[in-house]
Number of protein chains: 2
Amino acid sequence: MKIYLAGPDVFLPDALDIGRRKREICARHGVTGLYPLDNVIDRGASDASLRIFEGNQAMMDACEAIIANLTPFRGPGADAGTVYELGYMAGRGKLCLGYSNDPSPYPARTARFGTVTTSSEGRLIDMHGLTVEDFGHPDNLMMIHALDSYGCPLVVPQELPADIWRDLASFEACVRLAAARSA
Amino acid sequence: MKIYLAGPDVFLPDALDIGRRKREICARHGVTGLYPLDNVIDRGASDASLRIFEGNQAMMDACEAIIANLTPFRGPGADAGTVYELGYMAGRGKLCLGYSNDPSPYPARTARFGTVTTSSEGRLIDMHGLTVEDFGHPDNLMMIHALDSYGCPLVVPQELPADIWRDLASFEACVRLAAARSA
């Protein structure tokens, strides 16, 4: 089974090392991990971003599954590029797995960036008056139930790991789930 | 043509009114807008979030196109639920349109939430050392090029409108593009 390894990991300074570790974990479980940075792209070329999109899409199309790192990125929720890819793979009917190294429910995550209160009509709202989803999930319900429907429930650790960007225990749990489906 | 009207609009206090205005604009251009809140869901039920997911997915499956409101939501980038839906519709090969009422490039958006600098290796990075995409796009390249590939380039206003959540000029530009494809 080929698995697309989606996540904001590609934005880390040690992105290539994380990719190598993820691929090794996959190999240990008898599956093949494909990591976006394995696409060889000249990042200085004028059409670099289109080439990256096309490379990632071709990689997704070659895979039977996705493992999405949905750890919060620049805000209370997951990285947009990763979420797009999860949606794309769900739309293609592929096996969808995901993890978040932050197990906190979404209202608690939102409260880190500004006051969360209850409006006079009883809505949970952020500081701009926008509703804060409060279904007990760590992130937006579309992703949470996409994982339930197209794969396995979101994997989260019992508590925040020491290094939220480099702890791969929840990632490995996803690999195990994928390998069990593949067997 | 039936168009799924995705966006964090559903989180606004006047979400129903925005939906009504969006549907009216669609009707004026000869297309039919389907708005997620048109699904009748008992939001107090124990399985409400799953019902909302299933309702939204059924609505997407009934539509030939999506218009995604990709205006930044709780951070520099678009709402995760909306991005998931854009990915899903791209994966299904549907017509994909989107707009952002904030035309700023992604590094400028990111700088609103903390210092953006250049690392010693020449990467543009945020305050946590994570790479900031710098291809001249307003948001993550996966969404930007998904729109290019499956529909029309992201629609943005010349400048930030007075009411970023209620100005529907860029939305209407998307409806016009969809109606032209439908004709």
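**Note on a predicted two-chain model**

1. Ile66(B) touches Ile3(B), Tyr4(B), Ala6(B), Glu85(B), Leu86(B), Met89(B), Lys94(B), Cys96(B) and Leu97(B), leaving aside residues up to four places away in sequence. The model is a predicted one, and within it the largest nonpolar core holds 88 residues, of which Ile66(A) and Ile66(B) touch the most other members. As general background, nonpolar side chains in soluble globular proteins tend to be buried together.

2. Chain A contains six helices and six strands, and when these are read along the sequence they follow the pattern β-α-β-α-β-α-β-α-β-β-α-α. Its C-alpha trace spans about 55 × 45 × 35 Å along the principal axes. The radius of gyration of chain A is 17 Å, which agrees with the value near 16 Å that a compact globule of 183 residues would have. Buried residues account for 49% of the 183 residues in chain A, and among the contacts in this chain between residues at least 6 apart in sequence, 67% join residues at least 24 apart.

3. The two chains meet through 42 residues of chain A that are in contact with 42 residues of chain B. On the side of chain A that touches chain B, the elements giving two or more residues are α2 (48-62), α3 (80-91) and α5 (141-150) of chain A, with α3(A) giving the most, at 11 residues. Sorted by class, this side of chain A has 24 nonpolar, 13 polar and five charged residues.

4. Helix α2(A) deserves a separate look.

5. In chain B, helix α2 (residues 48-62) has 15 residues and reaches 21 Å from its first C-alpha to its last, close to the expected 21 Å. Here Ser49(B), Ile52(B), Phe53(B), Asn56(B) and Met60(B) are buried, and because they cover an arc of only 100° around the axis they are placed on the same side of α2(B). Ala58(B) and Ala62(B), on the other side of α2(B), are exposed. What covers the buried residues of α2(B) includes α5 of chain A, along with β1 and α3 (80-91) of chain B.

6. Helix α6 of chain B (residues 169-182) has 14 residues and reaches 20 Å between its first and last C-alpha atoms, close to the 20 Å expected at 1.5 Å a residue. Ser170(B), Phe171(B), Cys174(B), Val175(B), Leu177(B) and Ala178(B) are buried in α6(B); seen down the helix axis, the buried residues fall within an arc of 160°, so they line one face of α6(B). On its other side, Ala169(B) and Ala180(B) are exposed. The elements that cover the buried residues of α6(B) include β1 (2-6), α1 (15-28), β3 (65-69) and β4 (95-99) of chain B.

Definitions and conventions
Residues are numbered from 1 along each chain as its sequence is written. Chains are lettered from A and ligands numbered from 1 in the order in which they are written. This is a predicted model: local features need pLDDT of at least 70, side-chain atom pairs count only at pLDDT 80 or more; totals for chains, interfaces and linings use all residues. Helices (H or I, at least four residues) and strands (E, at least two) are DSSP runs, numbered from the N terminus. The expected span of a helix is 1.5 Å times one less than its number of residues. A residue is buried if 20 or more other C-beta atoms lie within 10 Å of its own, exposed if 12 or fewer, and partly exposed in between; C-beta atoms are placed from the backbone. The arc is that of the directions from the helix axis to the C-beta atoms. Two residues are in contact if their C-beta atoms, placed from the backbone, lie within 7 Å. A nonpolar core is a set of buried Ala, Val, Leu, Ile, Met, Phe, Trp, Tyr and Cys residues joined through C-beta atoms within 7 Å. The radius of gyration is taken over C-alpha atoms; the globule rule is 2.2 Å times the number of residues to the power 0.38. Ala, Val, Leu, Ile, Met, Phe, Trp, Tyr, Cys and Pro count as nonpolar, Asp, Glu, Lys and Arg as charged, and the others, Gly among them, as polar.
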